[in-house]
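Dear colleague,

I am handing over the structure we spoke about, and below it you will find my notes on what turned up when I went through it. Please read them with the coordinates open beside you.

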Amino acid sequence: MNGPFILAIDQGTSSTKTVVFDKNGLAVARGVEPLHTSYLDGGFVEQDPEAIYNNVLGSVEKCLADLRAKGGIVSEIKACGISNQRETFVLWDEKGNSLCPAVVWQCKRSVAICERLKASGLESEIRQKTGLLVDPYFSASKVIWLNENHAEVKSAIQAGKAFFGTVDTWLLYKLTDGAYYRTDHTNASRTMFFNLHTLDWDRKLLAEFDLLSLQLPDIQPSSSSFGVTDFEGLLETRIEVSAMIGDSHAAAFGEGCFAPGIAKATLGTGSSILMNIGKVPKPSQNGMVTTIGWSMGEHVEYALEGVIVTCGATISWLKNNLGMFGEITDTQEMANAVRDNNGVYLVPAFSGLGAPHWDMSRKASITGLTFDCNKNHIVRAALESIPYQIKDVIMAMESDTGILLQELKIDGGLTANTFVVQFLADLLEKPVVNLGFPEVSALGAAYLAGLQAGVYESIAFLKGLSRDHSTVHPSPDNSIATSGYLGWREAVG
């Protein structure tokens, strides 16, 4: 096993995964460390900042041990890339001590703050400048909440001694003993403090939020030199952190969303769909958020993102609550056992409908049932609801930007279901590319770090590494998918 190697850290909500990649983009060692999250009353979701940092060190230590066990030489690791849970943030003082627990992206404590921001007439300015919806999902409203409800945080902010950072910034600060206080464009673009057009913190919005005295990190391209670390002695010599990027953006880069019209969809419990829209930010009129996809040098690629609330969770509900099948893998055969859905549609609004509908008060429904229907039709309808929702988002993105989808990259557990993947290709009438690799966020971070470090020579070189990906093309006759979509539109209303 020969270097040079790239160390990639994917710090997620439930665990940290560390992967070592070789010069051909192949994973050669891994280490995973689970991370505890506290779900509290009032919609509070928190993590211990020190636990996040120690979790990363534990994951890196396991990965390095795996590399040594396989005959790899640790000193041949040339650089590190970090991908991270995006909107989760930490506040700390000038000594590097956290002022409160890390506030996780899922936290809903600031719902009333968001309603107040909307009522004040700030919503359109926030959307125009940041590309984001006014929602607790993004960091700013929860920082406002802490400033108004947490005495120690408020005192530190007013004194100009409160340091804000998303998880990437916190890790960099800790790994370098406070020497480097930086973030990248993608993470900055998820805070609601960042102006997409100036590529800097927006002082006017910060003043509106009463947060002008909040310390904010320097912003750099995703692929650039952020600082050096030896991971508290886990490495004999220090290496450069040469990439930092939000996890969904890292996944898109790892899957090859290098040019406008290439999108990625994660088929998990829900779905995040990110489409590259090129070098100019474009506002959405259809419930998408505008964000930065990735950046390198002077080059910045923007993206639209749409969130689908329920995908794989629908299939789990059929299994666990209705007992329609024994194993989720059974659904593929059940869907193929019938010619079509027989007019049955399952609208999976168990927690409302996400993009582009944004009807959060809607309830789930199954429509079109007749006596000649059986459970195979219901299972098929559930599986079809996933491609239908992705099609809704892609059409909205195309309408917003005038950029047509070229191909869709997919990742997540449901990509193993060949019925879903083929139906998606038929419905979109575009190729669907399955990387077949579980750690795509780590891969994207490694690619960006390796480009900066010279391990990977160019994006053209990276394109060559993806030639073996599995591509599913639309069927010559896709009439069942296209006619089914008309019925879906009617069912959704």
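Asn342 counts as partly exposed, because its relative accessibility is 26%, and this is a predicted model, as are all the features described below. The residue is found in the loop between α11 (330-336) and β20, and its phi is positive, at about 55°, although Asn342 is not a glycine. As background, most residues other than glycine have a negative phi, and most peptide bonds are trans. Trp358 is another residue other than glycine with a positive phi, here near 50°, and it lies in the loop between β20 and β21. With a relative accessibility of 35%, Trp358 also counts as partly exposed.

The loop between β20 and β21 (365-367) also holds Pro356, and the peptide bond that joins Ala355 and Pro356 is cis, with omega at about -5°. A cis peptide bond is likewise found from Gly3 to Pro4, where omega is near 5°; Pro4 belongs to the segment before β1 (5-11).

On the aromatic side, the count comes to 23 aromatic pairs. The rings of Tyr345 and Tyr388 have their centres 6.1 Å apart and their planes at 35°, and the pair is therefore tilted. Since Tyr345 lies in strand β20 (residues 345-347) and Tyr388 in helix α12 (residues 375-401), this pair ties together parts that are 43 residues apart in sequence. Both Tyr345 and Tyr388 are buried. Tyr388 forms a further aromatic pair with Trp488, this one stacked, with 5.3 Å from centre to centre and 25° between the planes. That pair links distant parts of the chain, given that Tyr388 is in helix α12 and Trp488 in helix α16 (residues 479-492), 100 residues apart; Trp488 is buried, as is Tyr388. Ring pairs link these residues into a cluster made up of Tyr345, Tyr388, Phe419, Phe423, Tyr485 and Trp488.

By residue type, the contact of α13 with α16 divides into four nonpolar, one polar and one charged.

Helix α12 also contains Leu383, which counts as buried because its relative accessibility is 0%. The C-alpha atoms of Leu383 and Gln332 are separated by 8.6 Å, with the two residues 51 residues apart along the chain.

A further pair of helices is α9 (residues 247-254) and α14 (residues 440-453), which pack at an angle of about 75° with their axes 7 Å apart, and which are therefore roughly perpendicular to each other. On the α9 side the contact is made by Asp247, Ala250, Ala251, Phe253 and Gly254, and on the α14 side by Val440, Ser441, Leu443, Gly444, Ala445, Tyr447, Leu448 and Leu451. The residues of this contact of α9 with α14 divide into nine nonpolar, three polar and one charged.

How many of the 10 residues of helix α4 (residues 140-149) are buried? Eight of them are, so that α4 is largely enclosed by the rest of the structure. The buried residues are Ala140, Ser141, Lys142, Val143, Ile144, Trp145, Leu146 and Asn147, and they pack against β7 (89-92), β8 (102-103), α2 (111-119), α5 (151-158) and β9 (163-166). Trp145 is also one of the rings over which the charged end of Arg109 sits, at 5.1 Å from the ring centre. The charged end of Arg109 sits over the ring of Phe44 as well, there at 4.1 Å from its centre.

With best regards

Conventions: Residues are numbered from 1 along each chain as its sequence is written. This is a predicted model: local features need pLDDT of at least 70, side-chain atom pairs count only at pLDDT 80 or more; totals for chains, interfaces and linings use all residues. Side-chain values use heavy atoms; hydrogens and water are left out. Axes are lines fitted to C-alpha atoms, for helices over the stretch in contact, and angles run from 0 to 180 degrees between N-to-C directions. Helices (H or I, at least four residues) and strands (E, at least two) are DSSP runs, numbered from the N terminus. Angles under 35 degrees count as roughly parallel, over 145 as roughly antiparallel, 65 to 115 as roughly perpendicular and the rest as oblique. Contact means heavy atoms within 4.5 Å. Ala, Val, Leu, Ile, Met, Phe, Trp, Tyr, Cys and Pro count as nonpolar, Asp, Glu, Lys and Arg as charged, and the others, Gly among them, as polar. Buried means under 20% relative accessible area, exposed over 50%, partly exposed in between (1.4 Å probe, protein chains only). Rings of Phe, Tyr and Trp (its six-membered ring) pair if their centres lie within 6.5 Å; planes under 30 degrees apart count as stacked, over 60 as edge-to-face and the rest as tilted. A charge sits over a ring if NZ of Lys or CZ of Arg is within 6 Å of the ring centre and within 35 degrees of the ring normal.
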